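Hi,

Here is the structure I said I would pass on to you. Have a look at it first, and then read my notes on the side chains below.

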Amino acid sequence: MSEKADTSVKSLRLGVCEVCGGKEAHYACPKCEVKTCSVACVQIHKRELVCDGVRDRTKFVPLSEMTERELLSDYCFLEECTRYADDRKFDLVKRYTQQQRYLPVPQHRMRAAAQKRNIQLSLLLPHFSRHKENTTFLDWKRNRFFWRIDWLFVNAAEEDEDQDDPIKSARFADARCDEELTLANLLLKYLDLQQETAREKRKLLVRHQTVGIGGLSFWLQAEGVRRSATRCYHLEANRTLRENLSGKTIVEFPTIFVTYSRQPPAGYETIDNKESDDDLTGTASDPESEDEPISAHTPKKAKVLHDLNEIHDVYHALAAAYSDGNDSEADAADDCEIEGVFREDIEL
């Protein structure tokens, strides 16, 4: 009788179920190769062995154990890798995995102009949502920034609160704010009831409108410093946007909190204006060092970049001097293309 049982076990294709041990196995796990007989046993084996059932296609297999199945699997895996790499080459959004060495001409103008204002402007890669939302514009002929600003009104009316927002803020975005205007003037559209926007948002901003511009406080979301997610700078309502942003790091565009108390938003701490970014991050961002002459000990790369910036400034000075002030958008686009070729020749 026992000999018949042994013969029947040997005749099984996968043998006996390794989970229950009482039935014939019908399934083999692609990853750990455990033999099971039913769905219940499959689930038990996945739970106990923490197995997802997906075969590891990069698992090492000795050459002596290689079969046609492993060879075909490796071939298909390499083909998929090749297709994935080719897709990234032709996808302009996903082509770069790090910041480009040379920015497009408009972005280079913006960053250079911000640097002259003692503003460290950081621009993200094209596929970042914050970069897509950015509408900041530099009128380089007038040498004036028009910033996109995200206003966060802290402790807005309860009926419009976001449950996922810990500081219970209402968000509004202005596409282009003149840097020469004060924060008080920029915010009038939301606080002055004679303005249409203020009347439309009356229920949401009733607390801030009641306090008035004199009782509000402004806080800039910190960037480029340690623990920046919970830190902010205090801004002055009677100072221009340009003056308030001076000495700060901006990622694409500023985010400003508006509170009707003298304290920063809940969960945030204030950074003293005297406290420089160098002390917080350990990086050199002294604006005075930008005007220092290039010495013999300066690295070659720094010398080249310094020369390029000077050439860039000379180019724009000449362009502004010979422009008639009525250039069309097509002329501006041509100007960008010419400058791009000009910069490439100099860099080479």
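**Around His208**

Leaving aside neighbours within four places in sequence, His208 is in contact with Phe153, Val154, Asn155, Ala156, Leu191, Leu216, Val258 and Tyr260. Before going further, keep in mind that this is a predicted model. His208 belongs to helix α9, residues 206–211. Is His208 buried or exposed? His208 is buried, as its relative accessible area is 0%. One of its contacts also shows up as a polar one: a polar atom of the His208 side chain lies 3.0 Å from the backbone oxygen of Val154.

**Around Arg117**

Next, please find Arg117 in the loop between α4 (105–116) and β3 (120–122). Arg117 counts as buried too, with 5% relative accessibility. Which backbone oxygen does the Arg117 side chain reach at 2.7 Å? That one belongs to Asn143. A polar atom of the Arg117 side chain also lies 3.0 Å from the backbone oxygen of Ala113. If you skip the neighbours within four places in sequence, the residues in contact with Arg117 are Asn143, Arg144, Phe145, Glu179, Arg242 and Ser246.

**Salt bridges**

In general, side chains of opposite charge can pair when their charged atoms come close. In this model the count comes to 12 salt bridges, and I picked out a few for you.

Start with Lys189 and Asp174, whose closest N and O atoms are 3.3 Å apart.

Because Glu180 is in the loop between β6 and α6 (183–186) and Arg242 is in helix α10 (residues 241–245), the pair links parts that are 62 residues apart in sequence. Glu180 is partly exposed, with a relative accessible area of 35%, and Arg242 counts as partly exposed at 31%.

Arg227 and Glu269 also meet in a salt bridge, at 2.8 Å from N to O. Arg227 lies in the loop between β7 (217–221) and β8 (231–235) and Glu269 in strand β11 (residues 269–271), so parts that are 42 residues apart in sequence are tied together. Glu269 is partly exposed, at 34% relative accessibility. There is a network to look up as well: salt bridges that share partners join Arg148, Asp150 and Arg171.

**Aromatic rings**

Arg148 turns up again with a ring: its charged end sits over the ring of Phe253, 4.7 Å from the centre. The charged end of Arg130 sits over the ring of Phe253 as well, 3.9 Å from its centre.

How many aromatic pairs are there? The count comes to six. Take Phe137 and Phe146: their ring centres are 6.4 Å apart and their planes are at 35°, so the pair is tilted. Phe137 is partly exposed, with a relative accessible area of 34%, whereas Phe146 is buried, with 16%. Elsewhere, Phe153, Phe172 and Tyr190 form one aromatic cluster, and Phe153 is also among the contacts of His208.

Cheers

Terms used:
Residues are numbered from 1 along each chain as its sequence is written. This is a predicted model: local features need pLDDT of at least 70, side-chain atom pairs count only at pLDDT 80 or more; totals for chains, interfaces and linings use all residues. Side-chain values use heavy atoms; hydrogens and water are left out. A salt bridge is a side-chain nitrogen of Lys or Arg within 4 Å of a carboxyl oxygen of Asp or Glu. Helices (H or I, at least four residues) and strands (E, at least two) are DSSP runs, numbered from the N terminus. Buried means under 20% relative accessible area, exposed over 50%, partly exposed in between (1.4 Å probe, protein chains only). A polar contact is a pair of N or O atoms within 3.5 Å; within protein, one must be able to donate a hydrogen and the other to accept it, and residues adjacent in sequence count only if both atoms are side-chain atoms. Contact means heavy atoms within 4.5 Å. Rings of Phe, Tyr and Trp (its six-membered ring) pair if their centres lie within 6.5 Å; planes under 30 degrees apart count as stacked, over 60 as edge-to-face and the rest as tilted. A charge sits over a ring if NZ of Lys or CZ of Arg is within 6 Å of the ring centre and within 35 degrees of the ring normal.
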